[in-house]
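I opened a new structure today and kept notes as I went. Here is what I looked up, entry by entry.

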Amino acid sequence: MADSVHDLLVEAAAGSGAPTDGARLQVGVDLGTASCVLVVLADGRPVRVDSRPSGALADGVVVDFARAVASVRGLREAAQDALGTSLTRAATAYPPCIPTADARACTFVCEAAGFDEVALVDEVTAAQRTLDVRDGVVVDVGGGSTGVGVYRDGALVRLDDRAGGGHHLDLVLAGALGLSLEDAEPYKRAHPSEALPVLVPGLQRIAENVRALTVGHEDLPLHLAGGALMIPGAGDVLAGYLERTVVTYPHALLITPVGIARSAP
């Protein structure tokens, strides 16, 4: 399964794939804190992956409805033009444990952007639909929160989340290096070896959240999803701090968007 997940994520990162004629299309919309991502699958393989800067969400809650709608509408229209077909159904996702009204707001955004039928799934379940973890912990580190799902024999036995994610790491980096918050994320990507030592306390905070949410399941490996920890060495920091096996993936920021698309009608 690990090889097939690797290949799927590499395909998704390429951003385009085979023609869609006659294929079953599924659309996933990930309304992230830092960016909004749209994925189109054709018979389960990615044929369109696109993103736009977001800022319309904070900690999984829609805080700028009009901006969120504009981002999704633009991504949908660009995908329709590129694929030569109308996209009317989609799935979207929300962080585990946020109030139902806030979760449904994600659905309303997609409907206002032109999708007639929208399925709703939590982000950890979406990530699991990409990773297919049988015995392990799916850790989805987003911009504002960290969602954790514990799986045994393929069944979900615990689902929860805690505040703390990529945005908080950017705050640590910006404060330590005297950067603006907007410059912190690009700096982290461009200078990972310099950024990692500064980020260790923030990574350990995320690790403590994972520890608290997996009490009684310390024997299970951690599978990291989400873009917040896509910095070389971050997984090793968590593994050493928690003394647990940590599994990382290429293009981890696409794990959840691909899984959202897999959840679409």
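I started with charged pairs, and I needed a rule: a salt bridge is a side-chain nitrogen of Lys or Arg within 4 Å of a carboxyl oxygen of Asp or Glu. By that rule I get seven salt bridges.

Ground rules, before I go on. This is a predicted model, where local features need pLDDT of at least 70 and side-chain atom pairs count only at pLDDT 80 or more, while totals for chains, interfaces and linings use all residues. I number residues from 1 along each chain as its sequence is written, and side-chain values use heavy atoms, with hydrogens and water left out.

**Entry: the whole chain**

I looked at the overall build. The protein chain has nine helices and twelve strands; these are DSSP runs, helices being H or I with at least four residues and strands E with at least two, numbered from the N terminus. Its C-alpha atoms fill a box of roughly 50 × 45 × 35 Å along the principal axes.

I then checked the radius of gyration, which is taken over C-alpha atoms, against the globule rule of 2.2 Å times the number of residues to the power 0.38. A compact globule of 265 residues would come out near 18 Å, and the protein chain has 18 Å, so the two agree.

How much of the chain is buried? Buried residues make up 51% of the 265. Here buried means under 20% relative accessible area, exposed over 50%, and partly exposed in between, with a 1.4 Å probe and protein chains only.

I also looked at contacts, meaning heavy atoms within 4.5 Å. Of the contacts with a separation of 6 or more, 64% are between residues 24 or more positions apart.

**Entry: salt bridges, one by one**

Side chains of opposite charge can pair when their charged atoms come close. I picked out some pairs.

Arg48 bridges to Asp50, with the closest N and O atoms 3.1 Å apart. Arg48 is buried at 18% relative accessible area, and Asp50 is partly exposed at 22%.

Arg152 and Asp219 meet at 2.7 Å, N to O. This pair links distant parts of the chain, since Arg152 sits in strand β9 and Asp219 in the loop between α7 and β11, 67 residues apart. I noted Arg152 as partly exposed at 26% and Asp219 as exposed at 56%.

Glu185 pairs with Lys188, the closest N and O atoms being 3.2 Å apart. They are three residues apart in helix α6 (residues 181–190), so about one helical turn separates them. Glu185 is partly exposed at 23%, whereas Lys188 is buried at 1%. Through shared partners, salt bridges join Asp170, Glu185, Lys188 and Arg189 into one network.

**Entry: the cores**

Next I went after the nonpolar cores, each a set of buried Ala, Val, Leu, Ile, Met, Phe, Trp, Tyr and Cys residues joined through side-chain atoms within 4.5 Å. The largest one has 28 residues, and those with the most contacts inside it include Val137, Leu203 and Leu238. Among the elements giving two or more residues to this core are β8 (136–141), β9 (145–152) and α5 (166–177). Which element gives the most? That is α7, with eight residues. Apart from this core lies another, of 27 residues, among them Leu25, Val27, Leu83 and Ala113.

I followed Leu238 a bit further. Not counting residues up to four places away in sequence, Leu238 touches Leu203, Ala207, Leu224, Leu229, Glu243 and Val246.

**Entry: helix α8**

In α8, I found Ala234, Gly235, Val237, Leu238 and Leu242 buried. Seen down the helix axis, the buried residues of α8 fall within an arc of 160°, so they line one face; the arc is that of the directions from the axis to the C-beta atoms. They pack against α7, β11 and β12 (246–247). On the other side of α8, Asp236 and Gly240 are exposed. After α8 comes Glu243, with a positive phi near 55°.

**Entry: Gln80**

Last, I looked up Gln80, which is in helix α2 (residues 65–83). Is Gln80 buried or exposed? Gln80 is buried, at 16% relative accessible area. A polar atom of the Gln80 side chain lies 2.9 Å from the backbone nitrogen of Leu87. Leaving aside neighbours within four places in sequence, Gln80 is in contact with Thr85, Ser86 and Leu87.

Technical notes
Polar contact = N/O pair within 3.5 Å; in protein donor to acceptor, adjacent residues only side chain to side chain.
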